[in-house]
Amino acid sequence: KAVLARRSVRKFRDDDIADDAWEAIIEAGRVAPSTVNLQTWSFACFTADQWRATFDRTLPYGAPRAVIVLADTHRARRVVEGFPAVPLCDHTVGVMNASLAAMNMTCAAEALGVGSVMLSETGPSQRRQ
């Protein structure tokens, strides 16, 4: 049901996300499937204030929190002997695994009644005034 009900939110309510729901969403990303369980991702989590201090703009669509899923394109080579020495392979594995983690988080958010949206950058340039 969560997968079929999930939609990308373009305007968030003013409510914050409960800490236990936020932790469950991040945990869903951590346990996502990945190539030979390499978990080639890292998560950078932000409150709205932390986002503004880091990027000098508001969170997209008025979201109360955000997570950037970072793809580690080098972890596979360090861990798996004989991993093909092809940059495109490193990139593909890293991005594919990070995408699975992000999707797991959006499905978990939906199951917990928390809206979400996946973006490929930090959002529109809305400088502080």
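A residue is called buried at under 20% relative accessible area, exposed at over 50%, and partly exposed in between, with a 1.4 Å probe and protein chains only. The model is predicted, so that local features need pLDDT of at least 70 and side-chain atom pairs count only at pLDDT 80 or more, while totals for chains, interfaces and linings use all residues. Residues are numbered from 1 along each chain as its sequence is written, and side-chain values use heavy atoms, with hydrogens and water left out.

**Aromatic rings**

Rings of Phe, Tyr and Trp (its six-membered ring) are paired if their centres lie within 6.5 Å, and a pair is stacked with planes under 30 degrees apart, edge-to-face over 60, and tilted for the rest.

| Pair | Centre to centre | Angle between planes | Class |
|---|---|---|---|
| Tryptophan 41 and phenylalanine 43 | 6.3 Å | 15° | stacked |
| Tryptophan 51 and phenylalanine 55 | 4.4 Å | 50° | tilted |

Tryptophan 41 is buried at a relative accessible area of 5%, whereas phenylalanine 43 is partly exposed at 24%. Tryptophan 51 counts as buried because its relative accessibility is 4%, and phenylalanine 55, at 23%, is partly exposed. Both tryptophan 51 and phenylalanine 55 belong to helix H3 (residues 48–55), where they are four residues apart, about one turn of the helix; helices here are DSSP runs (H or I, at least four residues), numbered from the N terminus. Ring pairs also join Phe46 with Trp51 and Phe55 in a cluster.

A nonpolar core is a set of buried Ala, Val, Leu, Ile, Met, Phe, Trp, Tyr and Cys residues joined through side-chain atoms within 4.5 Å. The largest one has eight residues, namely Ile17, Ala21, Trp22, Ile25, Ile26, Met105, Ala109 and Val114. Two or more of its residues come from each of helix H2 (19–30) and helix H5 (87–111), with H2 giving the largest share, four residues. Another core lies apart from this one and has seven residues, including Phe12, Ala63, Ala66 and Val117.

The axes of H2 and H5, lines fitted to C-alpha atoms over the stretch in contact, come within 7 Å and cross at roughly 145°, an angle taken between N-to-C directions on a scale from 0 to 180 degrees. In this contact (heavy atoms within 4.5 Å), H2 takes part through Ile25, Ile26, Ala28 and Gly29, and H5 through Ala101, Asn104, Met105, Ala108 and Ala109.
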